[in-house]
Each structure stands twice: as C-alpha cells, then as structure tokens.
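Colleague: I am new to this structure, and I would like to understand the terms that are used for it. Could you show me the model and then take my questions in turn?

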Amino acid sequence: MPVLIETLGTPLGFYTTLVGKQNQFVHFWGYDSLEDYEKRCAARDAHPDFPEYLRASGHLIVSQETSLIRGIESLNRWVAS
C-alpha cells in the first residue's frame, strides 16, 4: 500500500460487497483529469518497489477491472445541499 499511496495519492475509500457478487474489494481513487491518472499510473509502474508489491499481492487477485468515472455536476449539487 505505501507504493500506491506514494504514487497514486490517498485513496477516497475502500469497499466490499454486502449483497451481490461476493468477495469483491474495491478501492476508489480520485484524479484531477485523465492526464493526472496516466501520470500517476506511470509513476506507480516505474516505482522500484512496485514489482515486489505485485509479487506479494498477485495471488489475491482473481479478476480486476478499472473504471474511470466522472461526476454529474447537475445531480451532485443535490448531494452538497
């Protein structure tokens, strides 16, 4: 985790399923833009300790999915109210 925090920043949250597909773990990270995402991922991939992180955690991953999402400002105003 230290490699990810150093390169990707502080995660916005960690989640697991209560109902639905079981044994899922989701980490949620925030980026300022697609360029910011790509820059941070490149820094993560180039970090000298990242290969060891992959070796140590790889056996825990059965499948992986990356989604890039963005807020809907007109709806998010309701949340901020």
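Predicted model: local features only at pLDDT ≥ 70, side-chain atom pairs only at ≥ 80, totals over all residues.

Colleague: Why is the contact between arginine 40 and aspartate 36 called a salt bridge?

Modeller: The two side chains meet at 2.9 Å, N to O, and a salt bridge asks for a side-chain nitrogen of Lys or Arg within 4 Å of a carboxyl oxygen of Asp or Glu, so the pair qualifies. Arginine 40 and aspartate 36 are four residues apart in helix α2 (residues 34–46), and are therefore separated by about one helical turn.

Colleague: How do you know whether aspartate 36 is buried or exposed?

Modeller: Its relative accessibility is 14%, and buried means under 20%, so aspartate 36 counts as buried.

Colleague: How many salt bridges are there by this rule, and what makes arginine 55 and glutamate 52 one of them?

Modeller: The count comes to three. The side chains of arginine 55 and glutamate 52 meet at 3.2 Å, N to O, which is within 4 Å, so this pair also meets the rule. These two residues lie three apart in helix α3 (residues 50–57), a separation of about one helical turn. A further salt bridge joins aspartate 45 and arginine 44, at 2.9 Å, N to O.

Colleague: Why is arginine 55 called exposed, while glutamate 52 is called partly exposed?

Modeller: Arginine 55 has a relative accessibility of 59%, and because exposed means over 50%, it counts as exposed. Glutamate 52 has a relative accessible area of 44%, which lies between the cut-offs of 20% and 50%, so it is partly exposed. Aspartate 45, at 46%, is likewise partly exposed.

Colleague: What is known of the largest pocket, and which residues are closest to its centre?

Modeller: The largest pocket has a volume of about 1600 Å³. Of the 37 residues that line it, the closest to its centre are Phe25, His27, Gln64, Glu65 and Thr66. The elements that give two or more residues to this lining are α1, β2 (25–28), α2 and α3. By class, the lining has 21 nonpolar, eleven polar and five charged residues.

Definitions and conventions: Residues numbered from 1 in each chain as written. Heavy atoms only, no water. Buried < 20%, exposed > 50% of the residue type's maximum accessible area, 1.4 Å probe, protein only. 1 Å grid on protein atoms, 1.4 Å probe; cavity = no way out; pocket = protein on both sides within 12 Å on 5 of 7 lines; lining within 4 Å. Points joined across faces, edges and corners; volume = space filled by probe spheres on them. Nonpolar A, V, L, I, M, F, W, Y, C, P; charged D, E, K, R; others polar.
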